[in-house]
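Dear colleague,

I am passing on the structure we spoke about, and below it you will find my notes. Please read them with the structure open beside you.

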Amino acid sequence: MNEKVKTYYKNNFLYAGHRMVLPISGEKFRNSCDQCKYYVNVIGQHETKRICLYGVKAYRTGSKRVPNSIEIIDLILLLGKEALQGMLTRDGQHQMACGNFEQRL
Ligand code: SF4
């Protein structure tokens with residue numbers, strides 16, 4: 001690397017800091033699913049699990065209010081057993097927010 005290039009990188013603040021956070025990424029890294037309005041408690045017979053309801057069209061479009069917690073029977077009636085089972089098995093760790101994050105009020 002010649003001296004001119006070395007000086008350029010040395011004086012470049014973003015390179016010197018060794019991190020460059022894009023504005024959208026900043027939003028994603030700052031938030032977690034725990035603070036998202038789509039991440040709700042699903043109350044079952046034996047346990048309560050948290051799942052993301054963004055995939056449910058009724059909640060995503062705003063035609064239904066997203067509750068803080070919901071009984072599993074209501075979700076089964078809304079989605080069907082197979083679709084709900086698919087959502088529960090597909091659900092990841094949900095630590096970092098995705099691009100669809102909306103702050104819980
Ligand atoms: S941040 Fe994204 S993945 Fe997490 S709960 Fe909200 S919509 Fe779902």
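Two strands are taken to pair if DSSP finds at least two bridges between them, and helices (H or I, at least four residues) and strands (E, at least two) are DSSP runs, numbered from the N terminus. This is a predicted model, in which local features need pLDDT of at least 70 and side-chain atom pairs count only at pLDDT 80 or more, while totals for chains, interfaces and linings use all residues. Residues are numbered from 1 along each chain as its sequence is written.

The model has an open sheet of three strands in the order β2-β1-β3, with mixed pairing. Its edge strands, each pairing on one side only, are β2 (48-52) and β3 (69-71). Strand β1 (residues 39-43) pairs with β3 in the parallel sense over three bridges, and Asn41 has Ser69 in β3 as its bridge partner.

Helix α5 (residues 72-79) lies across β1 and β3 and runs at about 75 degrees to β3; axes are lines fitted to C-alpha atoms, for helices over the stretch in contact, and angles run from 0 to 180 degrees between N-to-C directions. The axes of α5 and helix α6 (residues 81-90) come within 7 Å and cross at roughly 115 degrees. Here Leu75, Ile76 and Leu79 in α5 meet Lys81, Ala83 and Leu84 in α6, where contact requires that the C-beta atoms of two residues, placed from the backbone, lie within 7 Å.

Leaving aside neighbours within four places in sequence, Tyr38 is in contact with Cys52, Leu53, Tyr54, Tyr59, Val66 and Glu102.

Best regards
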